[in-house]
Amino acid sequence: MNVYDSARMADVLAPLGYASADSAEDADMVILNTCHIREKAAEKVFSELGRLKKLQAAKALAGGRMILAVAGCVAQAEGEEILRRAPFVDIVLGPQTYHRLPEMVAQAARAGGAVLDTEFPAEPKFDFLPEARAEGSSAFLSVQEGCDKFCTFCVVPYTRGAEYSRPAAAILAEARALAGQGVREVTLLGQNVNGWHGEEGWGLGRLIRTLADLGGIERIRYTTSHPRDLDDDLIAAHADIPQLMPFLHLPVQSGSDRILSAMNRGHDRADYLRLVERLKRAQPDLALSSDFITGFPGETDADFADTMALVREVGFVQTYSFKYSPRPGTPAALMPNQVPETVKEERLAQVQALLLDQTTAFNRSCVGREMRVLLDRPGRHPGQLVGRSPYMQPVHVKAADHLLGTVVSLRITAVHPNSLAAVPA
Ligand code: 5AD
Ligand code: SF4
């Protein structure tokens, strides 16, 4: 989502004459787009600001000016605090106000004193953004934002605000524009992407069907989903729509019913397994990935064993797993039975080792298979292209340059540590 937002910020600033620079050095403006989801990400902001302060001073010494902006969820959560700790910052803006960047930049350029805009404005920013510019053959498309789920560990409902669905017509117009610029794969984005709903009672399944019928878009993905919002029509879409990739990120966070309940996830282990079974019935080639949190308050060895068992049972092929990080203002941060760091780390290492085994086994099982691959970048060697399989594995193949940006059928011949090798099928 932050990658998408950063690209849109660049689009908003382009009419003012700003273009992306390769490095922060000597730039006229630096926008730090930030994440507040875990403490580590949030703390990085301040160390990064320390580095940028030096570049800003060097620019001033040379008679220039570097406008420094902090955007995103850290800005939303810690607005005033940022200005207090880093008074050299010119602009602080939340994730819902970046359509107002031109005014903020004008104000910062004019005045002394910082500009702070962390409102949740009534007008959705999407109504004010210029047409998205594609880079390459795969693009993100934000369809939904915000979250009303209030998992007890998570800051997102506070930083991104309430669930909001973009109107279908705006999404379809953006998809058409992207396809016209050579985009062949679209990843629909939302904090609760499958909570998306259109004005006419459409759900995400219907939106995906419509996108598939537009022509031009050959592959569709969506992320991140919540198990509670995966309705029948979306599951059916996995059976009926060839453009919908058979790879689903469906975070479960924990395999223990006790912990799922303390997390306020709104589903238990059995609900999740039932969903997986229905999805696999709809699309037998489906592979799943998930997020896990280790060391949530009160997590015992037995709870963690339930998580490991669930990882095996579902056969996840990919994971993003994290140590529990207490976040200010969230209920879990105040729970009494916090787990020691060493235990969190040990459990994280275990779940990641298991997942690495499962990822490797899955990659090996791909050898000999024919796969459709979107060739989306040149390889390191001349005459080589790199693409993505339906399961997001990087695939290397010898292929002519004119195939860049197209979907081709390849046969997988070998597995390397972080990629697959292939020949034309
Ligand atoms: N600590 C650790 N991980 C977290 N996530 C969200 N909040 C926290 C937290 N406080 C993880 C969840 C979520 C992913 C985006 O980040 O696993 O799915
Ligand atoms: Fe955070 Fe996702 Fe839970 Fe929403 S559903 S509170 S974004 S983890």
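The structure is a predicted model, in which local features need pLDDT of at least 70, side-chain atom pairs count only at pLDDT 80 or more, and totals for chains, interfaces and linings use all residues. Residues are numbered from 1 along each chain as its sequence is written, chains are lettered from A and ligands numbered from 1 in the order in which they are written, and side-chain values use heavy atoms, with hydrogens and water left out.

**Ligand 1**

| Residue atom | Ligand 1 atom | Distance |
|---|---|---|
| Phe153, backbone N or O atom | nitrogen atom | 3.0 Å |
| Asp291, polar side-chain atom | oxygen atom | 2.5 Å |
| Ser325, backbone N or O atom | nitrogen atom | 2.7 Å |

On its own, ligand 1 has 400 Å² of accessible area, of which the protein covers 86%; such areas come from the Shrake-Rupley method with a 1.4 Å probe, and for residues only the protein chains shown count as cover. Helices (H or I, at least four residues) and strands (E, at least two) are DSSP runs, numbered from the N terminus.

**Sheets and strand pairs**

Two strands pair if DSSP finds at least two bridges between them. An open sheet with parallel pairing contains 4 strands in the order 1-2-3-4. Strand 1 (29-34) and strand 4 (115-117) each have a single partner strand, so one side of each of these edge strands is left without a neighbour in the sheet. Strand 1 is joined to strand 2 (residues 67-72) by 6 bridges, and Asn33 has Ala71 as its bridge partner in strand 2. Helix 2 (residues 39-61) packs on this sheet, where it touches strand 1 and strand 2, and its direction makes about 180 degrees with that of strand 1. Axes are lines fitted to C-alpha atoms, for helices over the stretch in contact, and angles run from 0 to 180 degrees between N-to-C directions.

A further open sheet is formed by 3 strands in the order 5-8-9, again with parallel pairing. Its twist averages 25 degrees from one strand to the next. Strand 5 and strand 8 (residues 185-189) run parallel and share 5 bridges, with Ser138 partnered by Glu185.

Strand 14 (residues 384-388) pairs with strand 15 (residues 394-398) in the antiparallel sense over 5 bridges. The two form a hairpin with 5 residues between them, and Met392 in the turn has a positive phi of about 70 degrees. Strand 15 is also joined by 3 bridges to strand 17 (residues 419-424), and these two run parallel.

**Packed helices**

Helix 8 (residues 232-240) and helix 10 (residues 269-282) have axes that come within 7 Å and cross at roughly 35 degrees. Contact means heavy atoms within 4.5 Å. Asp232, Ile235, His238 and Ala239 in helix 8 meet Leu275, Arg278, Leu279 and Ala282 in helix 10.

Key. Polar contact = N/O pair within 3.5 Å; in protein donor to acceptor, adjacent residues only side chain to side chain.
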